[in-house]
Amino acid sequence: MPREAHPDVSVLVTGAGGPAAIAVLKSLRADPSVRLIAADMDGWAAGLYLVPSADRAIIPAGAAPGFARALLARGQELGADVVIPTVDAELQPLAAARQEFAQAGIALMLPPARALALTLDKLALARACAGAVRVPRTECLDAAVDPGSWTYPVVVKPRTGSGSRDICTVVSADELKATLSMTDAGSGFLVQEYLPGEEYSIDVLSDTDGRVVAGVPRIRARVDSGVSVAGRTMHDCELEQFGATVAATVGLTYISNVQVRRDHAGDPALLEVNPRAPGSLSLTVASGVDMPRLALDALRGSPLPEHVEFCEKAMVRFLDERFLDLSEIAETVG
Ligand SMILES: Nc1ncnc2c1ncn2[C@@H]1O[C@H](COP(=O)(O)OP(=O)(O)O)[C@@H](O)[C@H]1O
Ligand SMILES: [Mg+2]
């Protein structure tokens, strides 16, 4: 059946150097009604070169002061109607500027403020999901922690971390006491029950009201520098339901990624949620759930199907090249 004809829409995708943005760009590129704008802070970001030179934007880092304002100005200049951020550091600054973007006629593909706040703080997430799914014991790393009350090992990690940074495994009560004595109050770390089992990522698609349309579990068979370079999707009703329950409990919209690991008993337990497109989204798209296109349909007001099914697929990945005239790279790198 031909796709419903939409008016043309210009979609700006940030983080063009990363695999999440590349997956989004490749997916939306197949839709002739979409014009793509690729943005990144680095002129060498590969995804910039998937779009014509007039549709590339160099923007500040998400954490830089004035990031949202600069992106808004550049988005307006380039005629963007929609912004899809794929970089964690950009999410809160953009959410804070949601109204300015709306006034400029630019829609942000972002979940509501509450969902963003819950997913960007792993302690808040654990508390919010505790009654809904199995959540590992999780406490703020502060003077109230009783090292004698934990089973070891435990994991100590930042409440707002990403990319596995600053995560450590603590093997005894003495070591946890030592860690506590070295940690300033309010340092923003948490202590969590160690989950020894297999790890899964569940990509979830929700509509603008938070109704879950698809949940696609996958395993990361090989990881290189934090990016999955081989993996597979898998049917598992328990995991699909787990992802859907977490997304609905948190109130997520559009694309999110629920990470779980099995506990001692083999039951899946919640690790964290990324409230944005994940780096291996291309595998989920190849498995039959074209999340970027469906999420864009939802944002543009088209009702999504009740449920979108997937078929199991495996993925291996390799580096690919684009060769450019020096004049082309000079335009973005300077
Ligand atoms: N409670 C835990 N038990 C076992 N492994 C964990 C636990 N917490 C984190 N990890 C390991 O560390 C990785 C990164 O942790 P995660 O909570 O996903 O934070 P990040 O935001 O840095 O990705 C996980 O993919 C997992 O392999
Ligand atoms: Mg993670």
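Predicted model: local features only at pLDDT ≥ 70, side-chain atom pairs only at ≥ 80, totals over all residues.
**Close-up 1. Arg322 sits in a loop between a strand and a helix.** Residues are numbered from 1 along each chain as its sequence is written, chains are lettered from A and ligands numbered from 1 in the order in which they are written, and side-chain values use heavy atoms, with hydrogens and water left out. Setting aside neighbours within four places in sequence, Arg322 is in contact (heavy atoms within 4.5 Å) with Tyr49 and Leu50. A polar atom of the Arg322 side chain lies 3.5 Å from the backbone oxygen of Tyr49. Look for Gly47 too: its C-alpha atom is 9.8 Å from that of Arg322, although the two are 275 residues apart along the chain.

**Close-up 2. Gln259 and Glu272 hold a magnesium ion.** The protein donors of this ion (ligand 2) are Gln259 (OE1) and Glu272 (OE), at 1.9 to 2.2 Å. Donors are N, O and S atoms within 2.8 Å of the metal (3.2 Å for Na, K and Ca), and water is not among the atoms, so sites may look incomplete. Gln259 belongs to strand S13 (residues 254-262) and Glu272 to strand S14 (residues 268-274), so the pair ties together parts that are 13 residues apart in sequence. Gln259 is buried (under 20% relative accessible area; exposed is over 50%, partly exposed in between, with a 1.4 Å probe and protein chains only), at 14%. Glu272 is buried as well, with 14% relative accessibility.

**Close-up 3. Helices H6 and H8 cross.** The axes of H6 (residues 122-129) and H8 (residues 237-250) come within 10 Å and cross at roughly 105 degrees. That makes H6 roughly perpendicular to H8, a label for angles of 65 to 115 degrees (under 35 is roughly parallel, over 145 roughly antiparallel, the rest oblique). Axes are lines fitted to C-alpha atoms, for helices over the stretch in contact, and angles run from 0 to 180 degrees between N-to-C directions. On the H6 side you'll find Leu125, Ala128 and Cys129, meeting Val246, Thr249 and Val250 of H8.

**Close-up 4. Pro136 is buried in a loop.** Its loop lies between H6 and strand S6 (138-140), and the relative accessible area of Pro136 is 2%. Among the residues that Pro136 touches are Gln192, Leu195 and Ala269.

Methods
Helix = DSSP H or I, 4+ residues; strand = E, 2+ residues; numbered from the N terminus. Polar contact = N/O pair within 3.5 Å; in protein donor to acceptor, adjacent residues only side chain to side chain.
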